[in-house]
Amino acid sequence: MAEDEAVQDTNDDATACKRCAVELGYWKDDFVPLFMRSAERRAPEINRGYYVRVQGCHVVIERFLELTEGRGQIVSLGAGFDTLYWRLHALNNLPLHIYEVDFKQVVARKALSIRNKKKLNEALTDAKITSSGVSSAKYHLISCDIRNTDNLHHQLVQAGIDTQLPTLFLCECVLVYLAPEESRGLLQYAARSFPSAVFLNYEPVNLGDRFGQVMIENLKSRGCTLRGGLACKTMTEQRTRYVEAGWKSSDSLIMHDVYRILPAEDVRRMEKLELLDETELLDQLLDHYCFSWAINDASQLGLANVVFSS
């Protein structure tokens, strides 16, 4: 489908934005250049926006790994060319398993990069790399359309997932491209199948105002329809979708507030990299994206401590 291809293209754009920010020193990632050879320089506002997104995810991931003492698992839905496994491997801070899921075309390209780049494949143990995915001791790259939750479950089970383990789901700018019934089905599947889990979602919000409408039209011009936009209109709708899907609790935080609670020393370092003439565009961007999350904590691990305090 042409629309699916347009959505897959957003992976290249996101990876290019991350490479640009990394080259400028916003955060350290030795592996993103292995998936994206070059990238045009982005505006400072875009770089800062990605910094808040990436560092916000890092905060939650680090807390999850600390709380579970490395005995949990991470499932990244619509993972694209994310480098999480390699970054954690370099820090000797891996969970038991990382499962990445994406469209077969994206998976084929990522698997090819992993096969051809020594720095990537030498970090894997007992790896089997094919055009349809990667299987190794701790890293699993799975080709699957996440809208088909029966197949998703089958593929995850085939890869060795244990639904009883503490699980962190990562989902960045994915649900917004799914129809409401599709994202609801995905959230319901995760809620009923994983009794001890955190579902962390990053995507647009407040799409009902003028700035939000411009975002929608810009994406539509690139062939991307925000089919899940109704769930992104307000922060309240972001939260209620999870409880309605069967999660025990949920909350959300606008990216402006995430910015304020990131480690202050590193934020000050980052802000010196590029000066902003004015902050209006950055403010608008941060007011139109959010983290939302849902929690099941049947094992009473204290998973609420993994996410942000809103």
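This is a predicted model: local features need pLDDT of at least 70, side-chain atom pairs count only at pLDDT 80 or more; totals for chains, interfaces and linings use all residues.
Helices (H or I, at least four residues) and strands (E, at least two) are DSSP runs, numbered from the N terminus. Residues are numbered from 1 along each chain as its sequence is written.

**First stop: Gly-78**

Select Gly-78, in the loop that runs between strand E1 (73–77) and helix H3 (84–90). With a relative accessible area of 28%, Gly-78 is partly exposed; buried means under 20%, exposed over 50%, and partly exposed in between (1.4 Å probe, protein chains only). Contact here means heavy atoms within 4.5 Å.

Move to Ser-136, in the loop between strand E4 (133–135) and strand E5 (139–143). Is Ser-136 buried or exposed? Ser-136 counts as buried, because its relative accessibility is 6%. Its side chain reaches the backbone oxygen of Tyr-139 at 2.7 Å. Not counting residues up to four places away in sequence, Ser-136 touches Leu-124, Thr-125, Asp-126 and Ala-127.

Follow that list to Asp-126, in the loop between helix H5 (118–121) and strand E3 (128–130). Asp-126 counts as exposed, at 70% relative accessibility. Check its backbone as well: phi is positive, about 55 degrees, although Asp-126 is not a glycine. Most residues other than glycine have a negative phi.

**Then: Gln-300**

Jump to Gln-300, in the segment after strand E9 (289–297). Gln-300 is not a glycine either, and its phi is positive, near 55 degrees. Gln-300 is exposed, with a relative accessible area of 71%.

**Last stop: a pair of helices**

Finally, colour helix H6 (residues 149–158) and helix H7 (residues 180–193), which pack at an angle of about 40 degrees with their axes 10 Å apart. That angle makes H6 oblique to H7. Axes are lines fitted to C-alpha atoms, for helices over the stretch in contact, and angles run from 0 to 180 degrees between N-to-C directions. Angles under 35 degrees count as roughly parallel, over 145 as roughly antiparallel, 65 to 115 as roughly perpendicular and the rest as oblique. Which residues meet here? From H6 come Thr-149, Leu-152, His-153 and Leu-156, and from H7 come Gly-185, Leu-186 and Tyr-189.

How values were computed
Side-chain values use heavy atoms; hydrogens and water are left out. A polar contact is a pair of N or O atoms within 3.5 Å; within protein, one must be able to donate a hydrogen and the other to accept it, and residues adjacent in sequence count only if both atoms are side-chain atoms.
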